[in-house]
Amino acid sequence: MGATAQAAEWSDTALSWRAGNDYREPFNPDDIKKNIFAITHASGYKYGSNFVNLDFLMSDSRDPGALGKTSGAQEAYLVYRNTIDIGKVRGSDIKFGPVRGVGVTLGFDVNTKNDVGYNSRKRMLVAGPTLMWDVPGFFNTSLLLLRESNAPSGAFPPISQVTGRYTYKTHAMLTGAWGIPLSPLFSFEGFFNLIDSKGNDEVGRKTAVETNIDMQVMFDVGAALGSAKNTFRVGLEYQYWKNKFGNSPATTGNVGQTAKTPMIRAEYHF
């Protein structure tokens with residue numbers, strides 16, 4: 001990260017907090033309250049861009065951290081993406097129609113969560129082509145291959161009977177991220193993931209196609225008060241997550257696999 005930061009042509013780092021009362025977890029019938037703290041870094045360098053996000057997710061007692069405990073589960077989720085701009089590498093931009101650039105994205109996801117039901121230890125590698133669209137702000141879409149594994153250790157069967165790390169079938173994800181200015185003070189931002197079935201899970205259940213859409217409208221409070229632009233922002237966020245982690249209604253008994261979660265959000269950029 002040190003060498004990358006020194007070579008950065010631009011960079012943005014932010015601390016953020018978001019919270020809602022309607023998070024869901026597969027097999028859990030309850031609405032869950034979560035506070036999510038994050039650090040996010042995005043930067044551009046000579047041949048492309050980097051993106052890093054680390055979420056710390058803190059659930060209330062309806063998503064317990066351990067058997068017999070009233071304290072909620074805790075999770076850390078890390079995402080890293082490096083997009084290499086092919087036009088920058090070859091010294092000539094690739095543009096056609098509404099596309100302003102073509103790239104290759106590489107990266108990984110890693111998580112760890114302490115909870116009663118699953119205790120996720122996800123590891124995932126991603127790679128695939130990216131299109132950068134010619135819009136105000138940015139809108140990038142990628143078609144990525146995913147190589148995912150997990151080593152759960154939940155308290156109840158059948159998860160409690162899983163030993164070692166299980167690798168899913170290599171599968172595809174259509175993903176996109178955007179940040180579109182609506183006015184000098186408002187912006188529309190977010191991401192979507194459409195993830196193909198990853199075969200059978202670690203206990204032999206068939207996984208489903210997964211949809212995750214997360215979007216927010218942000219207001220630049222700092223600029224409105226005469227301070228530096230894009231320093232302190234607040235907004236409203238909404239997440240729709242169907243078949244969360246590939247769990248279908250058939251495997252969960254239609255319990256907890258779909259979330260529709262409004263949130264409040266605040267960010268400080270430096």
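These questions and answers look at aromatic rings and their surroundings in a predicted model.

Colleague: How many aromatic pairs does the count come to?
Modeller: Rings of Phe, Tyr and Trp pair if their centres lie within 6.5 Å. By this rule, the count of aromatic pairs is six.

Colleague: Take Phe186 and Phe219. Is the pair stacked, edge-to-face or tilted?
Modeller: A pair of aromatic rings is described by the distance of the centres and the angle of the planes. Here the centres are 5.0 Å apart and the planes stand at 40°. Under 30 degrees would be stacked, and over 60 would be edge-to-face.

Colleague: How many residues apart are Phe186 and Phe219?
Modeller: Phe186 is in strand β10, residues 186-195. Phe219 is in strand β11, residues 210-220. The pair links distant parts of the chain, and the separation is 33 residues.

Colleague: Is Phe219 buried, partly exposed or exposed?
Modeller: Buried means under 20% relative accessible area, and exposed means over 50%. Phe219 has 25%, so this residue is partly exposed.

Colleague: And what does Phe186 count as?
Modeller: Its relative accessibility is 38%. That lies between the cut-offs of 20% and 50%, so Phe186 counts as partly exposed.

Colleague: Now Trp241 and Phe245. Is this pair stacked, tilted or edge-to-face?
Modeller: The ring centres are 5.3 Å apart. The planes are at 75°. That is over 60 degrees, so the pair is edge-to-face.

Colleague: Is Trp241 buried or exposed?
Modeller: Trp241 has 14% relative accessibility. That is under 20%, so Trp241 counts as buried. For Trp241, the answer is buried.

Colleague: Which residue lies over the face of Trp241?
Modeller: Look for a charge within 6 Å of the ring centre. One lies at 4.7 Å from the centre of the Trp241 ring. The residue is Lys244.

Colleague: Which residue lies over the face of Tyr168?
Modeller: Here the distance from the ring centre is 4.5 Å. The residue is Lys198.

Colleague: What is the area of the nonpolar surface patch that includes Phe232?
Modeller: Phe232 lies in strand β12, residues 232-242. At 35% relative accessibility, Phe232 counts as partly exposed. The patch is made by Leu15, Ile39, Phe232, Tyr268 and Phe270. Its area is about 480 Å².

Colleague: Which residue's backbone oxygen does the side chain of His171 reach?
Modeller: His171 is in strand β9, residues 171-181. At 2% relative accessibility, His171 counts as buried. Its side chain reaches a backbone oxygen at 2.8 Å, and that oxygen belongs to Lys169.

Note on methods
Residues numbered from 1 in each chain as written. Predicted model: local features only at pLDDT ≥ 70, side-chain atom pairs only at ≥ 80, totals over all residues. Heavy atoms only, no water. Helix = DSSP H or I, 4+ residues; strand = E, 2+ residues; numbered from the N terminus. Buried < 20%, exposed > 50% of the residue type's maximum accessible area, 1.4 Å probe, protein only. Lys NZ or Arg CZ within 6 Å of the ring centre and 35° of its normal. Patch = residues over 30% accessible without salt bridge, like charges linked within 9 Å, V, L, I, M, F, W, Y side chains within 5 Å. Areas by Shrake-Rupley, 256 points an atom, 1.4 Å probe, with all protein chains shown as cover. Salt bridge = Lys/Arg side-chain N within 4 Å of Asp/Glu carboxyl O. Polar contact = N/O pair within 3.5 Å; in protein donor to acceptor, adjacent residues only side chain to side chain.
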